[in-house]
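Thanks for making the time this morning; I would like to walk you through one model, starting with the overall picture and then going into the helix packing. Please have the sequence and the coordinates open while I talk.

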Amino acid sequence: MKNIFLSLFLLAILSCKTEKRKWISLQEDVAFLASDSLAGRETGTSEELIAAEYIQKRMQDLGLQAKGNAGTYFQTFTFKPKTDPHSEVQFTAGDSTITGTNVLGYIDNQVEKTIIIGAHYDHLGMGGEGSLYREGEAIHNGADDNASGVSVMLQLAQKLKDSLSGNNYLLMAFSGEEMGLLGSNYFTKNPTIDLSQTNYMINMDMVGRLREDKTLSISGTGTTPIWPQVLNSSNSEFKLVLQESGVGPSDHTSFYLQDIPVLHFFTGQHEDYHKPTDDSEKLNYEGMELISNYIYQIIRELDDSPKLIFKKTKNESEEVPRFKVALGVVPDYLFDGKGMRIDGISEDKPAQKAGLQKGDVVIQLGDSTVVDMMSYMRALSAFEEGNTTKVIVDRKGEQIEVGVKF
């Protein structure tokens, strides 16, 4: 009964008797996608499919062409998840346990180059393996992760329609990202466009929490030589943190592996990540608007340019040490000072027990000096469960030493 009501509600808010539809705000899109009624949009659930129908109707209303399978906006894929998280999930033709649904809309400017703009719309449902919540099942609304990216994608579609004509545009809402980039992986192996004509791919994942200092992380900046120049010349608002690697824990990776230049936009980790508290009222909608405008400026800057040249980058994930213990902190991935800044503390973990606080900057772990994220991870990888050591942090200019037991 709930699903029938939601479907009727969806039709009601998107139906329009006139040809011209009003501009739908970022807040409106997020409010629907991150509502309790969608129960966290877990891949393969009826609630995820309702979210897919919402995105489809938004694309229809914007005048985007269907670019899924068989003349629809949907591209479905079926798979059997592996119990081993390090094993590759196998896609199957049938007899599967889960079906995911990508949603694809197209702006055809009848040119050879196509820009792919994507964001995943699935999330963790009631929690499960990916959740950082330890108090039982609860709805994980995923407002920042990643209703924020989908809403910015849809706003970009509104801006690009009948605007910039130097490229075609494929707008994609991916399913299965939380289970291992499944939707984007499937699309790149079963594309509905000619991937060889893809100019570049832009991915928005967690763009809803822009901070007061307007720090914006952009990954993939080494995947074509022109990215740093364009990103800086188009910027008038942000403190940019640029990372060259085209490989990361989001859907742009699937396209990078097909030799396509990519960019991934990200406003940073926070304490509500993968928890039921990632709700719509916590998002910075003005910041999302700034990011949408910035991406539009980047696209406009390159509108008349030739197809971008792809360049391979160093896979930074291959250099990440393996850990036997965890300190129990959420790192501030946007911090560009000396050390590793703590952006959140997990309950009942070594950091909390030692009295570490949000905002502390770890400058020494054991005998190792910490100057950045990589040196922190190398230092942490040296410890095993049961070990004790010291941690020195910079807390508002004062150096504080604490003992930690893993």
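Predicted model: local features only at pLDDT ≥ 70, side-chain atom pairs only at ≥ 80, totals over all residues.

Residues are numbered from 1 along each chain as its sequence is written, and side-chain values use heavy atoms, with hydrogens and water left out.

Now the overall picture. The chain has 10 helices and 16 strands, where helices (H or I, at least four residues) and strands (E, at least two) are DSSP runs numbered from the N terminus. Of the 406 residues in the chain, 54% are buried; by that I mean under 20% relative accessible area, with exposed being over 50% and partly exposed in between, using a 1.4 Å probe and protein chains only. If we take contacts between residues at least 6 apart in sequence, 74% of them join residues at least 24 apart, a contact being heavy atoms within 4.5 Å.

For the geometry, axes are lines fitted to C-alpha atoms, for helices over the stretch in contact, and angles run from 0 to 180 degrees between N-to-C directions. Angles under 35 degrees count as roughly parallel, over 145 as roughly antiparallel, 65 to 115 as roughly perpendicular, and the rest as oblique.

How do α4 and α8 lie relative to each other, parallel or oblique? Helix α4, residues 143-160, packs against helix α8, residues 285-301, at an angle of about 50°, with the axes 10 Å apart, and the two are therefore oblique to each other. On the α4 side the contact includes Ser148, Val152, Leu156 and Leu160, and on the α8 side it includes Met288, Ser292, Ile295 and Ile299. The residues of this contact divide into seven nonpolar, five polar and two charged; here Ala, Val, Leu, Ile, Met, Phe, Trp, Tyr, Cys and Pro count as nonpolar, Asp, Glu, Lys and Arg as charged, and the others, Gly among them, as polar.

With α2, the axes of α2 and α4 come within 9 Å and cross at roughly 140°, and these helices are therefore oblique to each other as well. Leu26, Asp29, Val30 and Leu33 in α2 meet a set of α4 residues including Ala143, Ala147, Val150 and Leu154, and the contact of α2 with α4 divides into eight nonpolar, three polar and one charged.

With α3, the axes of α3 and α4 come within 10 Å and cross at roughly 15°, and that makes α3 roughly parallel to α4. Ile55, Arg58 and Met59 in α3 meet Val150, Met153, Leu154 and Gln158 in α4, and by class this contact has five nonpolar, one polar and one charged residues.

That leads to the cores. A nonpolar core is a set of buried Ala, Val, Leu, Ile, Met, Phe, Trp, Tyr and Cys residues joined through side-chain atoms within 4.5 Å. The largest has 60 residues, and those with the most contacts inside it are Ile55, Ile117, Met204, Phe265 and Ile299. Its largest share, nine residues, comes from α4. Leaving aside neighbours within four places in sequence, the contacts of Ile299 include Ile115, Ile117, Leu160 and Tyr200. A second, separate core of 23 residues includes Leu327, Ala354, Met377 and Val404.

A cis peptide bond joins Asp145 and Asn146, with omega about 5°, and Asn146 lies in helix α4. Ala39, in the loop between α2 (26-33) and α3 (46-61), has a positive phi of about 50° although it is not a glycine, and at 15% relative accessibility Ala39 counts as buried. Gln110, in the loop between β4 (98-107) and β5 (114-120), has a positive phi near 55°, again in a residue other than glycine, but at 73% relative accessibility Gln110 counts as exposed.
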